[in-house]
Amino acid sequence: MRTIRIFFSKTGEAAYISHLDLQRVMARALRRSGIPVWYSQGFNPHIYISFALPLPLMQESVTESMDCKTEADLDDFSGFIAPLNAALPKGLVVSKIAPPVYSAAQIETAEYHIAYPDRTPEQVGELVAQYNALPKAMVVRKTKRTQQEMDLKLLVPSIQALQGEAAFVALLPAGSQLNINPNLLTSLLQQQFGFAEAGAAVKRTQVYTVNGQPFC
C-alpha cells in the first residue's frame, strides 16, 4: 500500500463547496472513477483522504491537492484523470496524479491572487502602495478557541501589484504552524482604505515548502 497525491483546481461554482462537502464529493468521485483506493477496515469502511491545505469557503484555487492510499502497483496513474473528472461537479478539475514528494508538514507559505473586479488597475496599484507604506497593520486573528492580536506587516511586509490588472499578489504564511487566511488581509484593506472585502476575489495560485519549492 502506498500514497498517491491528486492535484486539482477549485474554481467558479465549486468555491461554494465547503470543506466537509468537498470530502464527500471527492470520496464519491474516487469510487466512481475506478481508482483502486484503499478502504479503512471495520464495520463502516471508508476511503482515506487527506487534504494538504484546506481552502476556506468562497475562495478559489488552482493548486489544491489531496492524498489517498492505494494498493495498486502502478507507475502511471494518469489514465484515471479523465474518469475522475467525469465524476466531479463543475469547477473541480483534476490535473495530475502522482506519488507525493513533500509532506504537508513541510508547507510554509501560500501565494494568493486577489482581484477587485469593480476597481481599476490604477486604484489597486495605489492600494498596494498604501499598504506597503504602512509601518504597522494590527489585526485580530480568531480561531475556534482563541483570538490573537498581531501585526500583519511582520508576516506580510509587502504585496505586489499585477501590471495591467486590478489585482495584486500576496505571499502568506501557511501550513500547520501558522496559517493566515487571506480574508484577514482583505478585511484590513477594507478598514484602512475602504476596499470592500466582499468585492475581493481570492484565488490560491501556489503553495510552497520550507525550502521555497512548489509543493508537490
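Me: What makes you say the buried residues of α1 pack against something, and which elements are involved?
Reply: This is a predicted model, and in it the test for contact is heavy atoms within 4.5 Å. The buried residues of α1 pack against β1 (2–10), β2 (49–51), β3 (60–70), α2 (81–86) and β4 (92–98).

Me: Which residues of α1 are called buried, and why?
Reply: They are Leu22, Val25, Met26, Ala27, Ala29, Leu30 and Ser33. The word applies because buried means under 20% relative accessible area.

Me: How do you know that the span of helix α1 agrees with what it should be?
Reply: Helix α1 covers residues 19–33, and at 1.5 Å a residue its 15 residues should span 21 Å. The end C-alpha atoms are 21 Å apart, so the two agree.

Me: What follows α1, and what is its phi like?
Reply: Gly34 comes next, with a positive phi near 90°.

Me: What makes up the lining of the largest cavity?
Reply: The lining residues are Ala52, Leu53, Thr63, Glu64, Ser65, Ile107, Arg204, Val207 and Phe215. By class, that's five nonpolar, two polar and two charged.

Me: Which strand supplies the largest share of that lining?
Reply: That's β3, with three residues. Both β3 and β10 (201–209) supply at least two residues each.

How values were computed. Residues are numbered from 1 along each chain as its sequence is written. This is a predicted model: local features need pLDDT of at least 70, side-chain atom pairs count only at pLDDT 80 or more; totals for chains, interfaces and linings use all residues. Side-chain values use heavy atoms; hydrogens and water are left out. Helices (H or I, at least four residues) and strands (E, at least two) are DSSP runs, numbered from the N terminus. The expected span of a helix is 1.5 Å times one less than its number of residues. Buried means under 20% relative accessible area, exposed over 50%, partly exposed in between (1.4 Å probe, protein chains only). On a 1 Å grid over the protein atoms alone, a cavity is a set of points where a 1.4 Å probe fits but cannot get out, and a pocket is an open set with protein on both sides within 12 Å along at least five of seven lines; lining residues have an atom within 4 Å of a point. Ala, Val, Leu, Ile, Met, Phe, Trp, Tyr, Cys and Pro count as nonpolar, Asp, Glu, Lys and Arg as charged, and the others, Gly among them, as polar.
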